[in-house]
Amino acid sequence: MHKLKELCAELQYELISGDTDAEISDIVYDSRKIRPGTAFVCMEGSRFDPHKLIPEAFERGCRVFVISKLTEDVKRLSSEATFIRCEDTRAALSLMSQAYFDYPAGKLKLIGITGTKGKTTTAYMIKAILEASGRKTGLIGTVGCEIGKEFYPTRNTTPESYELQKYFAMMAEQGCTHAVMECSSQGFKLRRVEGLRFDAGIFLNISPDHIGPGEHRDFEEYLWCKSRLLPASEVCFYNRDSEHLAELFELAGLSPKDQRFRSFGIAGDDVDYRASDIDYVSESDFIGVSFSFHGPGISEKLRLSMPGDYNVINALAAASVCSYLGVDISDIRSALSRVNISGRTEEVYRDKVMRVIVDYAHNEESMRSLIMTLRNFRPERIAVVFGCGGDRSVERRIGMGREAAIHADFTVMTTDNPRTEDPVSIIDDIEKAYLEAGGRKDRYVRVTDRREAIRYAMENALPGDLIAVIGKGHEQYQEINGVRTHFSDQEEILKAAEEIRGRGDRA
């Protein structure tokens, strides 16, 4: 049990009624978890105001409420319950959760990563390097939360602050010394990381994305949210090759000349950490790239088991941070040469006719970067199988349709996660953009069912084809009409391959 005043030690608030010596058994923001002894944080969402649930929560035995506004219900119940008011209950949840779990992040070396692309890849690279050096490391991100051999699925790249602190506490209890986490723009916007201090932060890149209903109102807000990592980091590594750096530092109110900053990049020599001499490698037991890594007192040739200049940048960020944290270059070399990340340029199947990869590329820029990378392996054709998420900006599907027309040799337009939108209308938008960009009618098909789309691409493959199934990557579900059901691109690729082999179509 905790006293309310202990949980609010870092919080600025006004006591409306009651007693801050009230005993608290748990903090809840989900009304379904309310029970006697809990403190209910009324955290407003875009669609519902939980202040409306105060009478119901009171009836179920809740007597402590964290609110952001006085309502008639608050006034009516103030003589019978404790109400504290603060400006932002989302921030309050984070600060109170840290206290509730005894400030677990402070018991770990915490590394935060933000950027439009590459967060997951970089996080897994850092985890692999740290663990190769003997440092037990927890991870939180898009794929989920990993602590030792245990995996916990998450719905958000950056979980809600209560869950985030709970995971940190579990990491500390299980002997982790380090934690690496992806910091999404929504994580900053919704104050999920409020009050956290990162021992090291990484800014990878920024490009227009996640702008639209339910995300960010415009690019400036998106950039502002990303900039929040800079002042929250003891030392921050930034990609000197990224666009919008001047605006980023201005929004953060900081200068890149500040001693807390370290730069990394490929272009130019005036960076703290640099990659050069990038070569693509395709051998029987290794597919990826090699590059030279330069840093303070270091000049070393490294191999990375993931192709693409963008993955070199991710590896450079990982190597730079880990080198700064004291990891030996031999552990960095060993980990990068064998790191494998689900749904990130992941080769799932190969036979005498085709290779099939899965990648999370789900916007215009990442799709272009992926296809350009795959060209380095000189396939006869690159075929892409993709759709676009529903309830998201239409610009994303327009951009991906355009990229398919310009850069792919064959396209199968299909369903991704339509959520509450009609899958056919999403494909209509992709097709329109594809044709307007000059895409040929004989070089694409529409197959609404994603399972059948994967099968179609593989059954109609020509010798030398490289098929890229993109957009979902590691995801193990498909969301249609707001309902999630199990779906794995990797599983469907292997099922299709088995059926094709069973008919004798492939050796």
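These questions and answers look at helix packing and salt bridges in a predicted model.

Colleague: Are α12 and α13 roughly parallel or roughly perpendicular to each other?

Modeller: The axes of α12 (residues 364-375) and α13 (residues 394-407) come within 8 Å and cross at roughly 20°. Angles under 35 degrees count as roughly parallel. The two helices are therefore roughly parallel.

Colleague: How many residues of the contact of α12 with α13 are charged?

Modeller: On α12 the contact includes Glu 364, Arg 368 and Arg 375. On α13 it includes Arg 402 and Glu 403. The contact also has five nonpolar and two polar residues, and the number of charged ones is five.

Colleague: Which residues are linked with Glu 364 in a network of salt bridges?

Modeller: Glu 364 and Arg 368 are contact residues of α12, while Arg 402 and Glu 403 are contact residues of α13. The network links Glu 364 with Arg 368, Arg 402 and Glu 403.

Colleague: How far apart in sequence are the parts that Asp 409 and Arg 375 tie together?

Modeller: The two side chains meet in a salt bridge, 3.0 Å from N to O. Asp 409 lies in the loop between α13 and β22, and Arg 375 in helix α12, so the parts they tie together are apart by 34 residues.

Colleague: Is Glu 492 buried or exposed?

Modeller: Glu 492 forms a salt bridge with Arg 451, with the closest N and O atoms 3.1 Å apart. Arg 451 is partly exposed at 32% relative accessibility. Buried means under 20%. Glu 492 has 4%, so it counts as buried.

Terms used: Residues numbered from 1 in each chain as written. Predicted model: local features only at pLDDT ≥ 70, side-chain atom pairs only at ≥ 80, totals over all residues. Heavy atoms only, no water. Axes fitted to C-alpha atoms, helices over the stretch in contact; angles between N-to-C directions. Helix = DSSP H or I, 4+ residues; strand = E, 2+ residues; numbered from the N terminus. Parallel < 35°, antiparallel > 145°, perpendicular 65-115°, else oblique. Contact = heavy atoms within 4.5 Å. Nonpolar A, V, L, I, M, F, W, Y, C, P; charged D, E, K, R; others polar. Salt bridge = Lys/Arg side-chain N within 4 Å of Asp/Glu carboxyl O. Buried < 20%, exposed > 50% of the residue type's maximum accessible area, 1.4 Å probe, protein only.
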